[in-house]
Amino acid sequence: MLKRSLDIFISASGLLFLIPVFFIVAACIYLSEGRPIFFSQKRVGLNGNLFNLYKFRTMRKSMTENYQLATSNDNRITKCGHFLRYYKIDELPQLWNVLIGDISLVGYRPEIPYYVEKYTKEQKKILKYKPGIVDPATLFFSRYENDILSLSQDIEKDYIAKILPKKISLSLQYAQSATFLSDVKCLFLCFIKILKK
C-alpha cells in the first residue's frame with residue numbers, strides 16, 4: 001500500500017512538473033522526424049499480463065517495427081534520440097504507466113513476450129512481482145550492457161545468453177527482499193546516476 005502510494009505521488013507530481021519538458025521533447029521529435037512522438041510496445045507485466053509500455057520515440061519511424069534491441073551506435077537511432085537515450089529522457093512517459101498501475105517506480109524491467117517465452121521455470125518466478133522503471137539490476141547493467149552488446153557479433157544471442165539471465169537473477173533477489181526503504185534508496189541512486197551524466 002505504501003509502495004503504491006509512493007508510485008502515485010511521484011508519477012502524478014512528475015507528470016505535472018515535467019509538462020514543459022514533454023512539450024520541448026515532443027517539438028524536437030516532431031521537427032526532426034515528424035510523428036509519432038511516442039513509441040509503445042507490448043511488454044509482459046505482473047502475472048504475465050500484457051500492457052503497452054510508453055516511451056518517447058528515439059528511432060526513425062520506418063525502423064521501429066519489430067524493434068527489440070539497440071546499442072548506442074545503432075543507425076536506427078536519430079540524433080535527437082541519442083540525446084534522449086543518454087539522459088534517459090525517453091523513459092519519462094513511463095510515469096504514465098506507473099500512475100495507471102502497469103508498473104511501479106522500482107522493479108525489474110519488463111520484457112517483450114519474445115524474451116519471456118525463453119524464460120526457464122525458475123526465471124518465470126519474476127512475473128509474480130510488478131515490473132518497474134529501475135531496480136539494482138537496471139542500475140548495474142546501464143553501465144555495462146551497451147558495452148557488451150556493442151562488441152557483439154550477434155546482439156540478440158548474447159543478450160539472451162549473457163545478460164538476460166543475470167538481470168533476472170539480480171532482479172529476483174531484490175524483489176524477494178525489497179522494502180519501502182530499499183526502494184527509496186534505489187530511486188535515490190538512480191537520480192544521482194542521471195545527475196552525474
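**Helix 1 against helix 8.** I checked the hand first: helix 1 and helix 8 cross in a right-handed way (left-handed if the near helix is turned anticlockwise from the far one by less than a right angle, right-handed if clockwise). Helices here are DSSP runs of H or I with at least four residues, strands are runs of E with at least two, and both are numbered from the N terminus.

Before going on, I note that this is a predicted model, where local features need pLDDT of at least 70, side-chain atom pairs count only at pLDDT 80 or more, and totals for chains, interfaces and linings use all residues. Residues are numbered from 1 along each chain as its sequence is written, and side-chain values use heavy atoms, with hydrogens and water left out.

Who touches whom? I find Leu-2, Lys-3, Leu-6 and Ile-10 on helix 1, and Phe-180, Asp-183, Val-184 and Leu-187 on helix 8 (contact means heavy atoms within 4.5 Å). By class, the contact residues come to six nonpolar, no polar and two charged (nonpolar: Ala, Val, Leu, Ile, Met, Phe, Trp, Tyr, Cys and Pro; charged: Asp, Glu, Lys and Arg; polar: the others, Gly among them).

Next, the geometry. The axes of helix 1 (residues 2-17) and helix 8 (residues 180-196) come within 10 Å and cross at roughly 30 degrees. That makes helix 1 roughly parallel to helix 8 (under 35 degrees is roughly parallel, over 145 roughly antiparallel, 65 to 115 roughly perpendicular, the rest oblique). The axes are lines fitted to C-alpha atoms over the stretch in contact, with angles from 0 to 180 degrees between N-to-C directions.

Strand 1 (residues 38-44) pairs with strand 2 (residues 50-56) in the antiparallel sense, over seven bridges (pairing takes at least two DSSP bridges). I see Arg-43 opposite Phe-51 of strand 2. Five residues sit between the strands. In that loop lies Asn-47, whose phi is positive, near 60 degrees, though it isn't a glycine.

**A cis bond.** Arg-35 and Pro-36 are joined by a cis peptide bond, omega about 0 degrees. Pro-36 is in the loop between helix 2 (19-33) and strand 1.

**Whole chain.** I count eight helices and four strands. The radius of gyration is 16 Å, close to the 16 Å from the globule rule for 197 residues, so the protein is as compact as a globular protein of that length (taken over C-alpha atoms; the rule is 2.2 Å times the number of residues to the power 0.38).
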